[in-house]
Amino acid sequence: MPVFNQSRSRVIQFIFAGVFIAITGQLINLQLFSGQYKLAADNNAFYRKVIYPDRGIIFDRKKRGILENTISYDLVVIPSEARGTDTMTLCRLLNIDTAAYKKRMRDLIFKNTSVKPSVFEALLTPEMFAKLNENMYRFPGFSLNERSVRTYPYNVGAAVLGYMAEVDTGFLRRHKGEGYEMGDYFGSTGLENIYEKVLMGQRGIKRYIRDNKGRLQGSWENGAYDTAAVAGNNLYSSIDVELQELGEKLMQNKVGSIVAINPKTGGILCMVSAPTYNPNYLTGNQRKKHLVDMLYFDPRLPLLNRTVGTFYSPGSTFKTMVGIIGMNEGVIDDNFTVSCGGAYYGCGRPMGCHAAGTFTLKPAISKSCNSYFAATYRRILENGKYPNRDSALSSFNQYAYSFGLGRRLGVDLPSEKMGNMPTPKYYHGIFGKNWQSCNIISNSIGQGEITTTLTQLANVMAIIANKGWYYTPHLIDSIEGGDEFSMLDKFKIKHKTKEIPEYVWEEVHEGMQGTMEFGTGFYAKVPGINVCGKTGTVENAYRGEKLKDHAFFGAFAPRENPRIAIAVMCENAGYGATSAAPIASLLIEKYLKDSISGNDRKAKIEQLAKMDLIPPQMKRQMAKRDSLRQAQQMAAAKKAARDTSGVQEAPEEMETESTPTKPNPAKTPKKDSGRTAAVLPEELRKSTTVKRKTAA
Amino acid sequence: MNRRNQNIVTQGVDYVVIWLYAILVAIGILCIFMVEYRPETDWLASFLDGKTSYSKQLIFAGVCAIAATFILLTDSKLFTAFANLFYLFGILLMIATFAIGKNINGSKSWIPLAGGFNLQPAELCKIFVSLALAKYLSRQEIDFSKIRSQLVAGAIALAPAVLSILQHELGLALVYTSFVIAMYREGLPAQILIVGSSFGALVVATLILEPNVLAVILTMIAAAVIFVLRKQIKKKKGLLTIIITIWLVCVGVQRFVVPYIFNNVLECYQSTRIYSMVGKEYNCEDNKRAQDKSTSNKTVRKPDDYNVRQSKIAIGSGGFFGRGFLKGTQTRGKYVPEQRTDFIFTSLGEAFGFVGCFVFLLLYLFLLYRIVMIAERQRSTFSRVYAYSVVSIFFFHIAVNVSMTIGLFPIVGIPLPLMSYGGSSLLTFTVLIFILLRLDADRQMVLR
């Protein structure tokens, strides 16, 4: 047999080599130059699980936890893997219909793509969790994630402690690189918000390998690349939870606020904003509904923190400052007297007064004599020391600033307002260059353009108690594990007022003690304790309609060694002595003596708690809201019954027409600035009406 | 006595091939182990259980070792003597499959054996065809330059292929075309190879390019050829006719033949696989068979390129050095379907990366060249043709299997020699190699 084709073995070997080279080329292409495959493999195989650490606990001053954690579960879904889920059963368990299921899925996919896990139903109730947990095998793509949620064991301090909210896309944009992901929660208000960085701790990441069906196959490299979750640091606050409880109880059925400060440290002992709500209301899975309900539908605005978030004319409580400044500037002394015949006539238009007689500073404070302080204020402004009234007013304002007024105090709460100490420039705009002291005489008694937050007022009381210094009022005293972000440094700076001699303070203390003994605060005496106090009554009007006065009370006690400075205000409560003053006195007693003694005092608590001082305009709005709701339910019922859209339109039209005629906060007089926030702004109302329309 | 026997058995046996064989089988078992491995289960216990694929494959390897020993102990004359009988037996076995066959993964090509093992006759038939082809071509009176003997040789090779197609085993059927290489070595005209590869190139071009664009390109090529050869054409008018005929045939193929093949000959899923190779979508509504089927049963599942994609991801994610032994995430996550059988190369690619793949392919290439070398040193035509048949089968399997895992070839279900899980396949390749070694050991004897 001839071997004549031997050269062909070469050809065959060339073919082998050629194919080998082609395969090697493709391997080089795939393995060396295509990064996408590595990425695709990681996307396939890794499941990145975020381990949420426990948030820090907030303790009160006696180390009782007032904001703690408990465990709840989220239903999480990866939409791309949720095919084949028993939708009917899931909807039945969650009490939603399939249309809602589809809509939620669409929204989740839109917001967070279909391959990343998104929270489908957050914070399941325990029953729901139990039911779902049994049936999880029916819902591929769904999983139950444990999550620690906040709980408020004492049910108090809503405005101070704040609540958490789910992050939205805007938040994520603003906080890039801080480790937030869709579906996370962050402190939205209150201490939760301010101390978010401290409380949140450090998220841990666990990497799992999963198979083609999405089942986890164990950790990647035995967890070598996992990071552990670090729990958030605990906060120790100066709040006294018992005092807070009592304060909230006393402020039931009232609109107003309380701030009590330890003057020695600046630590806030209790901070009540009324009306308030049970903070646990905003933790469960009904959180959103409750939030919307309170944010948009409650005319009392329970989410508004009235201690720092609104400002009022301070009323007669401001007179103490006028007195101090007057003395220090030398325009009055302890022999300076003013006679009051029931009104101050110095400026032509008479300014009414509570008490008649002849006063020096001490009784003027005790009896809250308007004429005395009007005269003093005028003397300050007309002081010969200064070339003109502008500079005299500026000098007055310097005092006020050093008392923490007209500036943000820097309390560790969000959205603090600064109040207003009107400057000469401000008055130029209103009265022209040649304004007269009589133009602004209302300021002398704490009305007029001067506004303060209640916290500022309490701080003024603390300054008077300390005789000229203060620490910035704050809620958090210390952070467990150290103040990593230097958030507490500013609370360790001792602020001093302008140099004011001892006798001035003594004089004012004397007058304020007089208030409690024989003056306007007589009903608010605390047995066995020398309290120094000052009442305030602020005239106000709403949309041109004159309303009952706001009641103010500022005090500190005991006089010899002040341990508590307090400011209380009740909106539209009438004369300060009947509501604000007794509330303050009970709180002072509670704090200093640790309990309320005597049956009549205890009865007083109940009596004050029951006292209904909700302003009538709010009541009207609440009634309107309730009737609107009722009408809406009726309309919905009718609609359901007839199942026509025409029927529903008619009552809706009426509803829009029946809304009040143009309440415009901007046009209400300056004096009302304190209350403008307490009514629902027009835009909100409009938007809620629209919302209702779409919802109906 | 014993010692003498040993000498007879081992004398002249090519140890290099045995070593390569052993290394490749060992790598194969390791790869299957990687696929099956779960960190949470005790692998030793499950290994001893004998229920896992890798322990089964080890048993297969043991069986193959025994078979190999037996083959080495036999006389090489046996194979020449019984070649035609074996072939007849193989064909009968394949026909028998239609009667007693078992349906696995949609192809009725398995004969169930005792102990839960199944035999695929189409695999074994490769050996028989190799032997029969060698026997036929080594006959003294055969002149392979004649068309008639070429046709007979082709028929010997393609008979099992036809049966395989009837069993819906397209991949196995394709393997039988690899005998072309062996036949080429024995004198099959080179034109067949050229025409065949040109046809392949034309099909690929048809798939990639728009029909009109391709027609224009073909026309331009024809015009260019005429221009270059204008002087020769003046001398010889027949050349022009040939060029124009070739041009017409090419355009005809790309216009009518290729669409006809895809729409009427191939199944919908096959067309889709081929189209997805070049990154295009095939519309199954054009497919005649799919239309026929969809009238009978409504559920025509739309196939996708999931397999290739996952296979490419697994290999591509290996990078230069790979993720390391047992650390492949795609392998652990079972993302690649059929990974222990047809896609075993992916586990290797992911775990050991480009370096591993390259070394591994070099091993294969070395094995192929070694067999070619062995083939060329044979004195007898029988041994040479048989050796070329073996190398053709190996080459075809390796090239097609590796190419399909890296996306160079449409997916056809053929295993990677000596690596893929499966007793039939391993046994077939073992027998192929060891018969070759037996023949080679006896190369000094002049066989026919």
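Q: In what order do the strands of the open sheet of five strands in chain A stand, and how do they pair?

A: In this predicted model, the open sheet of five strands in chain A has the order β12-β11-β22-β21-β20, and the pairing is antiparallel. Because β12 (268–274) and β20 (532–542) of chain A stand at the edges and have a single partner strand each, one side of each is left without a neighbour in the sheet. On average, and with direction ignored, neighbouring strands of this sheet are turned by 10° against each other.

Q: How many bridges join β11 of chain A to β12(A), and in which sense do the two strands run?

A: Strand β11 of chain A, which covers residues 256–261, is joined to β12(A) by six bridges, and the two run antiparallel.

Q: Which helix lies across β11, β12, β20, β21 and β22 of chain A?

A: That is helix α19 of chain A, made of residues 580–593, and its direction is at about 150° to that of β22(A), the strand of residues 564–570.

Q: Which strands of chain A does β3 pair with, and how should I follow them?

A: Strand β2 (residues 58–59) of chain A is joined to strand β3 (residues 65–77) of chain A by two bridges in an antiparallel run, and here A:I58 stands opposite A:L67. These two strands, β2(A) and β3(A), form a hairpin with five residues between them, and in its turn A:K63 has a positive phi of about 60°. Strand β5 (residues 142–151) of chain A is also antiparallel to β3(A), with ten bridges joining them, and A:V77 has A:F142 as its bridge partner in β5(A). Strand β4 (residues 118–124) of chain A pairs with β3(A) over four bridges, again in the antiparallel sense, and A:V77 stands opposite A:S118 in β4(A).

Q: Turning to chain B, how many helices and strands does its secondary structure come to, and what share of its residues count as buried?

A: The secondary structure of chain B comes to 20 helices and three strands, and 43% of its 448 residues count as buried. Among the contacts in chain B with a separation of 6 or more, 69% are between residues 24 or more positions apart.

Q: At what angle do α6 and α7 of chain B pack, and which residues meet there?

A: Helix α6 (residues 121–137) and helix α7 (residues 147–166) of chain B pack at about 170°, and their axes are 9 Å apart. Since angles over 145 degrees count as roughly antiparallel, α6(B) and α7(B) are therefore roughly antiparallel to each other. Residues of α6(B) including B:C125, B:V129 and B:L133 meet residues of α7(B), among them B:V152, B:I156 and B:P160. By class, the residues of this contact are twelve nonpolar, one polar and no charged.

Q: How many residues of chain B are in contact with chain A, and which element gives the largest share?

A: In chain B, 39 residues are in contact with 31 residues of chain A. The elements of chain B that give two or more residues to this side are α9 (179–185), α16 (306–316), α17 (329–332), α18 (344–376) and α19 (381–405). The largest share, ten residues, comes from α18(B). The side of chain B that touches chain A has 21 nonpolar, eleven polar and seven charged residues.

Key
Residues numbered from 1 in each chain as written. Chains lettered and ligands numbered in written order. Predicted model: local features only at pLDDT ≥ 70, side-chain atom pairs only at ≥ 80, totals over all residues. Contact = placed C-beta atoms within 7 Å. Nonpolar A, V, L, I, M, F, W, Y, C, P; charged D, E, K, R; others polar. Pairing = 2+ DSSP bridges. Axes fitted to C-alpha atoms, helices over the stretch in contact; angles between N-to-C directions. Buried ≥ 20, exposed ≤ 12 C-beta atoms within 10 Å, placed from the backbone. Parallel < 35°, antiparallel > 145°, perpendicular 65-115°, else oblique.
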